[in-house]
Amino acid sequence: MTDTMTNTTTNTGTGWRFSENASLRERNTFHIEAKARWLLQIDALGALPEALSQPEWRDAPLLPLGGGSNLLFAGDFDGAALAFNARGVRIPEDGDEALVRGEAGLPWHDFVRWSLDAGFCGLENLSLIPGTVGACPIQNIGAYGVEVGERIETVEAFDRVERRFVRIAKKDCGFGYRESIFKHDADRYLIVAVEFRLPRHAPLKLNYAGIDEQLLAMGVATPNARDVSDAIIRIRQRKLPDPALVGNAGSFFKNPIVPQALAFSLQMRDEKTPVFPGDSADTRKLSAAWLIEHAGWKGFREGDAGVSPNHALVLVNHGNASGAQIMQLARRIAASVQEKFGVAIEPEPRVIGATW
Ligand SMILES: Cc1cc2nc3c(=O)[nH]c(=O)nc-3n(C[C@H](O)[C@H](O)[C@H](O)COP(=O)(O)OP(=O)(O)OC[C@H]3O[C@@H](n4cnc5c(N)ncnc54)[C@H](O)[C@@H]3O)c2cc1C
């Protein structure tokens, strides 16, 4: 069906295409060279069942791929990578609180800015997070005191078990800190669109890490949602390496949730240890960035694999690091945090081709 050696794209059905032996280097923000045996591109969402049912890859592993900003390829993917190109936006219900539907392939930040231009608010604190609308529910993206699950009404997906399109209400999405049912049942749901409930007026969330100061520096005394978005863009540009310039996947480790007793004993050792509420009364959340920095890893570099000098939580590819080298570095960091603090940390991105 295709010329394997030249990795050409073949138009097969209406609304979908595929190529073989496809390079994923431009499709992951670590810029790691890895190949997928097949790359399926879905241009029209209705074409998905036909594309999936082709005998060559029908029974092969499937990897839905958005912007590749939360993935580490530690090897090639011997299966079908699936990219959604559909980027439509609709407003099925308008009013003081509108329902806004975005298709999976829309770049997340473009969608946030579009929503602000259209007079909606609620997503401003999530500005400049890389990736796509289709991936935003997977780990319930969060930043600056807001998680996207707070704004999601329904997730539309193709259910690979029932082989039909389904609508999953927010209450059934299992949203938690960097969590959802989609993350745990990664082989079941292919998210094709997300519906958001967005108000036209809502209180702004400004009480988080530096937003107030940034607004002040911008000379904004009475901010609107767009101003908050502008402020967060500037803070993030200052703090986080731009994946277009230095390969990375944002925060590489999740903040660990630990028993309250362990958090307190760490605070006894060093009163500056940051401790936040956990997910229950007897747990606490620690800052993975603080632990990694205090284990001495900030700015570390070995070959092209390293830790950002500005943010200890961000592992970087300075050029030609392989996914296996990034993974090896991640394992060394986790082992040293475990040894120094007795705390287990684990990766936030999905790792392909290796297990943690
Ligand atoms: C510089 C930088 C900063 C970041 N900051 C933040 C932050 O502040 N907060 C935060 O939460 N995250 C952050 N991230 C992580 C990342 O941007 C988000 O997790 C984002 O939602 C990933 O989107 P993506 O389209 O790139 O998904 P990908 O990386 O392509 O995929 C991630 C996971 O979702 C699955 N997936 C993708 N699309 C679909 C689909 N349509 N259906 C089913 N499964 C799918 C993939 O199989 C994979 O398991 C950051 C990343 C970078 C590089």
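Modeller: Two strands pair if DSSP finds at least two bridges between them. Helices (H or I, at least four residues) and strands (E, at least two) are DSSP runs, numbered from the N terminus. This is a predicted model, in which local features need pLDDT of at least 70 and side-chain atom pairs count only at pLDDT 80 or more, while totals for chains, interfaces and linings use all residues. Residues are numbered from 1 along each chain as its sequence is written, and side-chain values use heavy atoms, with hydrogens and water left out.

Biologist: What is the strand order in the open sheet of 3 strands?

Modeller: Strands of a sheet pair through backbone hydrogen bonds, either parallel or antiparallel. Here the order is 15-17-16, and the pairing is antiparallel. Strand 15 (257–259) and strand 16 (275–277) are at the edges with a single partner strand each, so one side of each has no neighbour in the sheet. On average, neighbouring strands are turned by 45° against each other, direction ignored (axes are lines fitted to C-alpha atoms, for helices over the stretch in contact, and angles run from 0 to 180 degrees between N-to-C directions).

Biologist: Over how many bridges do strand 16 and strand 17 pair, and what packs on the sheet?

Modeller: Strand 16 and strand 17 (residues 283–286) pair over 3 bridges. Arg 284 in strand 17 is the bridge partner of Pro 277. Helix 6 (residues 260–269) packs on the sheet and touches strand 15, strand 16 and strand 17; contact means heavy atoms within 4.5 Å. The direction of helix 6 makes about 90° with that of strand 15.

Biologist: Which residues of helix 2 are buried?

Modeller: Buried means under 20% relative accessible area, exposed over 50%, and partly exposed in between (1.4 Å probe, protein chains only). In helix 2 (residues 108–117), 7 of the 10 residues are buried: Trp 108, His 109, Phe 111, Val 112, Arg 113, Ser 115 and Leu 116. Their cover includes strand 7 (89–93), strand 8 (97–103), strand 13 (189–199) and helix 5 (225–239). Just after helix 2, Gly 119 takes a positive phi of about 95°.

Biologist: Which members of the largest nonpolar core touch the most others?

Modeller: A nonpolar core is a set of buried Ala, Val, Leu, Ile, Met, Phe, Trp, Tyr and Cys residues joined through side-chain atoms within 4.5 Å. The largest has 47 residues, and Phe 73, Phe 253, Ile 292, Ile 326, Ile 333 and Val 343 touch the most other members. Helix 8 (residues 323–341) gives the largest share, 8 residues. A second, separate core of 39 residues includes Leu 116, Phe 182, Val 194 and Ile 235.
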